[in-house]
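Here is a friendly walk through a fold, from its sheet to its aromatic rings. Please keep the model open beside the text as you read.

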Amino acid sequence: MLLDETPLFDPSLLQELDWSGNSVSFSPLISPSSPGEGFLLRPLCTADFNRGFFKVLSELTHTGDVTAEQFIKKFEHMKKTGDYYVVVVEDTNLAQIVATATLITEHKYIHACAKRGRVEEVVVSDVCRGKQLGKLLVSTLTLLSKKLNCYKVTLECSPQNMAFYQKFGFNASAETYMQRRFFD
């Protein structure tokens, strides 16, 4: 596979979202199909490797030195499984990625073999903060998880970000999140 415009998942999933189910207000009004002047919300594609995808991700966490070959291999794996929904916001004037977020669906035996959605890696470039793009990404992925018939959607966040996510109907769980890291 080359670095091209092939989307990670079917873009119609974003276009067909029932935006009336959104619980957050936007001023000015934006949506997945109309994310604001000069912005395009869409699925990740391999050409985004050269559009600053990793630069944006590095504003959230350490990304490491990823080659185009590594990126393509991971992209192909994610596309093949059909369980990864990485969305990006492109500044079409600059042809650069300025925001991204990921929804992963996990297949479960519980809840009658249902799926659980997990939102991860929500980040907006520091030059585009204040344009409601973070709200747009979280609203989009929350509604997408519902469209994909997930019985719930979860995310992990730092305490200072809890109020932001509560706007979308997320609540702190009684469950304790634990981790064991093998790499930073």
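Helices (H or I, at least four residues) and strands (E, at least two) are DSSP runs here, numbered from the N terminus. The model is a predicted one, in which local features need pLDDT of at least 70 and side-chain atom pairs count only at pLDDT 80 or more, while totals for chains, interfaces and linings use all residues. Residues are numbered from 1 along each chain as its sequence is written, and side-chain values use heavy atoms, with hydrogens and water left out.

**The loop between H1 and E1**

Ser31 sits in the loop between helix H1 (12-15) and E1. Buried means under 20% relative accessible area, exposed means over 50%, and partly exposed is in between (1.4 Å probe, protein chains only). With a relative accessible area of 14%, Ser31 is buried. Contact means heavy atoms within 4.5 Å, and Ser31 touches Trp19 and Leu136 once residues up to four places away in sequence are set aside.

Pro28 belongs to the loop between H1 and E1 too. The peptide bond that joins Ser27 and Pro28 is cis, with omega at about 5°. Most residues other than glycine have a negative phi, and most peptide bonds are trans.

Two residues other than glycine with a positive phi are worth a look as well. Ala95, in the loop between E2 and E3, has phi near 55° and is partly exposed at a relative accessible area of 36%. Glu121 is placed in strand E4; its phi is near 50°, and at 37% relative accessibility Glu121 counts as partly exposed.

**The sheet**

In what order do the five strands of the open sheet come? The order is E1-E2-E3-E4-E5, and the pairing is mixed. Two strands pair if DSSP finds at least two bridges between them. Strand E1 (39-43) and strand E5 (150-155) are the edge strands, each pairing on one side only. From one strand to the next the twist averages 20°; axes are lines fitted to C-alpha atoms, for helices over the stretch in contact, and angles run from 0 to 180 degrees between N-to-C directions.

| Strands | Direction | Bridges |
|---|---|---|
| E1 and E2 (residues 84-91) | antiparallel | five bridges |
| E3 and E4 | antiparallel | eight bridges |
| E4 and E5 | parallel | five bridges |

Leu41 stands opposite Val89 in E2, Ala99 has Val124 in E4 as its bridge partner, and Arg116 has Lys152 in E5 as its bridge partner.

Arg42 lies in strand E1 and counts as buried at 11% relative accessibility. Beyond its neighbours within four places in sequence, Arg42 has contacts that include Leu14, Asp48, Arg51 and Val87.

H5 lies across E1, E2, strand E3 (96-107), strand E4 (115-124) and E5, and runs at about 25° to E3. A nonpolar core is a set of buried Ala, Val, Leu, Ile, Met, Phe, Trp, Tyr and Cys residues joined through side-chain atoms within 4.5 Å. The largest such core has 49 residues, of which Phe53, Val89, Leu133, Leu137 and Leu144 touch the most other members. Helix H5 (residues 133-147) gives the most to this core, with seven residues.

Phe53, apart from neighbours within four places in sequence, is in contact with Leu44, Asp48, Phe71, Val86, Val88, Ile97 and Thr100.

**Aromatic rings**

Rings of Phe, Tyr and Trp (its six-membered ring) pair if their centres lie within 6.5 Å; planes under 30 degrees apart count as stacked, over 60 as edge-to-face and the rest as tilted. By this rule there are 11 aromatic pairs. Phe49 and Phe54 have ring centres 6.0 Å apart and planes at 75°, so this pair is edge-to-face. The rings of Phe54 and Phe71 are also edge-to-face, because their centres are 5.7 Å apart and their planes are at 75°. Phe54 lies in helix H2 (residues 53-57) and Phe71 in helix H3 (residues 68-81), so the pair ties together parts 17 residues apart in sequence. Phe54 and Phe71 are both buried. One aromatic cluster is formed by Phe49, Phe53, Phe54, Phe71 and Phe75.
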